[in-house]
Amino acid sequence: MSPDAITRREFLKSGSAAGLAAGLALHVSAGMAAPPGDRKLRVGWVGTGGRGRHLLGHVLKMDNLEVVAICDITPDNLDKGLEMVEEKTQKRPEASGDTPYAYRKLIARDDIDCVVIATPCYWHTTMYIDCLKEGMSVYGEKPLAITAWELKEIQAVRKQHPDVVLQVGTQWGSNEQFADIIKQVREGAIGDLWDGRFRRYGDWDGFKGWFTERDKSGDWMLEQAVHEFNLMYWLTQTNPAKCTAVGRSGIIPDRDTTSFYTALLEYPDPLKNFVIRYTHTFIEVPDFDEGGWSYKVVGSKGGANLTPPSPYIQLRDKSGDNGGKIEAKGNAGDTYEHLANFFDCVRAGTPDKVNSGLASGVGATTIGLMIRQSVEKKAPVTYEETLADTRKPPLPSA
Ligand SMILES: NC(=O)c1ccc[n+]([C@@H]2O[C@H](COP(=O)([O-])OP(=O)(O)OC[C@H]3O[C@@H](n4cnc5c(N)ncnc54)[C@H](O)[C@@H]3O)[C@@H](O)[C@H]2O)c1
């Protein structure tokens with residue numbers, strides 16, 4: 001057990017950092033609560049299903065950290081996670097998961113620096129909030145929330161615990177090419193924003209279990225499309241004022257999620273001429289439409305193409321270098337880089353340096369909530385109407 005870890009965890013848990021920040025505008029100083037720095041990080045894990053094991057595979061390639069405890073309520077998945085770690089390190093992490101809330105013991109431990117969480121969407125906000133209250137740094141899967149009520153809860157708790165490192169698993173936040181193009185767009189490279197054209201076409205075969213239940217996944221606009229919504233929020237740094245969406249469900253057997261939908265997002269001043277069209281389907285014929293996804297924004301001076309793998313800007317004026325085409329600089333960072341960014345922030349004690357923090361998680365989730373509400377109501381909705389929704393996720397009682 002590291003004394004550093006104990007001191008810092010205890011300090012963050014108490015909310016003292018928040019109190020000090022409010023009263024004296026202080027940050028956590030190294031003398032009072034040292035972040036882990038270069039020593040080996042001790043990592044806890046919650047959820048070793050499909051995504052959890054994908055993340056674990058990345059983490060097991062990283063130096064100077066060890067996964068010391070895993071919690072999963074599905075014994076088979078728990079074993080698979082334990083075996084991955086044991087095979088790589090010859091050490092078997094401690095195991096737990098006999099009840100749905102067993103993870104709370106893990107995140108309360110003072111000998112663990114941070115946790116990675118990859119559980120079904122209806123658990124996310126509760127687990128994030130529990131981590132904040134325990135002062136436990138957390139990398140949690142997206143979406144941040146699946147209800148407006150949860151968004152309000154987590155923002156309120158975050159205010160009390162601003163010094164806990166919190167990274168939402170929208171890994172494109174660590175893609176330097178997106179960052180480069182979006183920065184240029186925000187600095188005016190393509191002029192006023194007019195027409196956003198985003199789409200993701202997929203098929204349903206890979207998604208089973210809780211993914212097919214609306215109240216547990218939040219539906220596809222929360223479970224999946226938040227990756228696109230994260231880009232939209234990054235571009236606009238504001239919420240849509242109004243959303244008009246049309247969708248259909250009941251087409252794909254054995255599920256109550258939406259099979260396909262199209263949304264129009266309208267923005268407030270100074271983006272009043274910006275309208276984003278987003279189409280998301282699960283009825284695609286495999287390999288029918290090239291690539292399946294496309295993210296483009298057209299403005300008064302040019303267009304920005306954010307579609308992986310080669311984002312670029314094309315200016316209307318083609319007289320300059322390269323025919324007015326500006327290619328993105330930097331790496332095409334993804335999940336590995338996103339996890340690495342999180343661990344760097346844990347080591348340095350820099351919650352403000354995460355690439356996908358609470359604000360982008362809230363922004364991306366809000367777009368999904370507006371679209372879902374509009375599809376349900378079969379009518380346009382405003383931002384305010386969406387936030388007034390009081391639904392809660394279907395968690396078991398503690
Ligand atoms: N960032 C991405 O690109 C990306 C990709 C895929 C999935 N995801 C997200 O990752 C999350 C997990 O998806 P998945 O495909 O791994 O699902 P999954 O069903 O395969 O795995 C979820 C795991 O969580 C465990 N679990 C459930 N409740 C738990 C609890 N209370 N305590 C401990 N463990 C619990 C389950 O037993 C299971 O092993 C989802 O939110 C999904 O949206 C993100």
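Which right-handed unit do β1, helix α3 and β2 make? Together, β1, α3 (residues 50-59) and β2 form a right-handed β-α-β unit; right-handed here says that, with the strands pointing away from the viewer, the path from the first strand over the helix to the second runs clockwise. Helices (H or I, at least four residues) and strands (E, at least two) are DSSP runs, numbered from the N terminus.

Before going on, keep in mind that this is a predicted model, where local features need pLDDT of at least 70, side-chain atom pairs count only at pLDDT 80 or more, and totals for chains, interfaces and linings use all residues. Residue numbers start from 1 along each chain as its sequence is written.

Let's stay with β1, residues 41-46. Five of its six residues are buried, that is, 20 or more other C-beta atoms lie within 10 Å of the residue's own, with C-beta atoms placed from the backbone. Strands count as paired if DSSP finds at least two bridges between them. β1 runs parallel to β2 (residues 65-71), with six bridges joining them, and Arg42 sits opposite Glu66 of β2. β1 also pairs in the parallel sense with β4 (residues 114-117), over four bridges; there, Trp45 faces Val116.

Now zoom out. The domain assignment, an automatic or database one, gives domain 1 as 3-172 + 337-356 and domain 2 as 176-329 + 365-387. Their C-alpha centres are 29 Å apart.

Technical notes. A residue is buried if 20 or more other C-beta atoms lie within 10 Å of its own, exposed if 12 or fewer, and partly exposed in between; C-beta atoms are placed from the backbone.
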